[in-house]
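Good morning, and thank you for joining this group meeting. Please take a moment to look at the sequence and the structure before I describe them.

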Amino acid sequence: MLKARIKFRKYGVMKFIGHLDVMRYFQKVMRRADIPIAFTSGYSPHMIMSFAQPLGIGVTSDAEYLDIELTEPISSADAVRQMNAAMVEGIDIVSFVEISDDKKQSGMTIVAAADYLVLPKSGSTYEGGSFPESWRKFIDQFMSRDQIVVWKKTKRSEKEVDIKPMIYDFHWRKDGLFLRLATGSEQNLKPELVMETFAKYAELSETESGFRYHRLEVYAHKDESKEGFISLEALGKDILC
């Protein structure tokens, strides 16, 4: 079986569509776009597809990933064109690449980090603009702390966790606040928790701390040393037919 990784954008009203509905949506797109996707065997066959770290509702993204298996090759250019022709506004296919057939290299398994751009929320003090550059010092002070301890909810309980090691980068940009966070099955830190903690530290008012989130990219570790990152897209190669 040939395995492929699809990168797509999610924006506009589609940010309010939950993961299960996105999965059903892509099942319909595969049929409409005539993508030769493989099915499981048995009495109730279903398309072989898996998503890497699905988004929460209300979050937009430039880098969502979906892995599928193919029954026959299709060129990357044809797949992108055919799928985009079957799309509604709010989801666009960015790339379609061949990936390793090693199960341990599936997007769901290897995700290690993600980049986010934090933007002013509608109704906030900074709606329509950007956060003040004076926030640089608050961010520097926040990140200079030895620990950033929070109460983090799990499926079964709530416990104190030091989230600082999971914040790989946090800095001010002209277009928003940039975050690179630990993401995946081993460690997973949501941008909402980081910004909620930062807002309390900087003593921001309710209108000042109105945030919305846009995912920029999703990464795996470059190698076993786990010292660098590589985007999930960069782990694949274009299919030429």
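I begin with a pocket. Helix H3 (107–110), strand E5 (111–120) and strand E10 (211–221) each contribute at least two residues to the lining of the second largest pocket. Helices (H or I, at least four residues) and strands (E, at least two) are DSSP runs, numbered from the N terminus. A pocket, on a 1 Å grid over the protein atoms alone, is an open set of points where a 1.4 Å probe fits, with protein on both sides within 12 Å along at least five of seven lines; a cavity is a set of such points from which the probe cannot get out, and lining residues have an atom within 4 Å of a point.

A word on the basis of these values. This is a predicted model, in which local features need pLDDT of at least 70 and side-chain atom pairs count only at pLDDT 80 or more, while totals for chains, interfaces and linings use all residues. Residues are numbered from 1 along each chain as its sequence is written, and side-chain values use heavy atoms, with hydrogens and water left out.

The second largest pocket holds about 400 Å³ of space, a volume being the space filled by probe spheres set on grid points that are joined across faces, edges and corners. Its lining has 20 residues, and Ile110, Ala112, Glu186, His221 and Lys226 lie nearest the centre. Seven of the lining residues are nonpolar, seven polar and six charged. Here Ala, Val, Leu, Ile, Met, Phe, Trp, Tyr, Cys and Pro count as nonpolar, Asp, Glu, Lys and Arg as charged, and the others, Gly among them, as polar.

The largest pocket contains about 580 Å³ of space. Among the 21 residues lining it, Lys152, Lys153, Thr154, Asn188 and Leu193 are the closest to its centre. Which element gives the most to this lining? That is H5, with six residues. The classes here are eight nonpolar, three polar and 10 charged residues.

H5 also meets another helix. The axes of H4 (residues 135–143) and H5 (residues 191–201) come within 11 Å and cross at roughly 105 degrees; axes are lines fitted to C-alpha atoms, for helices over the stretch in contact, and angles run from 0 to 180 degrees between N-to-C directions. H4 is therefore roughly perpendicular to H5, a term for angles of 65 to 115 degrees. In contact (heavy atoms within 4.5 Å) are Trp135, Phe138, Ile139, Gln141 and Phe142 of H4 with Val194, Thr197, Phe198 and Tyr201 of H5. Seven of these contact residues are nonpolar, two are polar and none is charged.

Finally, the salt bridges, defined as a side-chain nitrogen of Lys or Arg within 4 Å of a carboxyl oxygen of Asp or Glu. The count is 13. In one of them, arginine 5 pairs with aspartate 67, with the closest N and O atoms 2.8 Å apart. Arginine 5 lies in strand E1 (residues 2–10) and aspartate 67 in strand E3 (residues 60–70), so this pair ties together parts 62 residues apart in sequence.

Methods: Angles under 35 degrees count as roughly parallel, over 145 as roughly antiparallel, 65 to 115 as roughly perpendicular and the rest as oblique.
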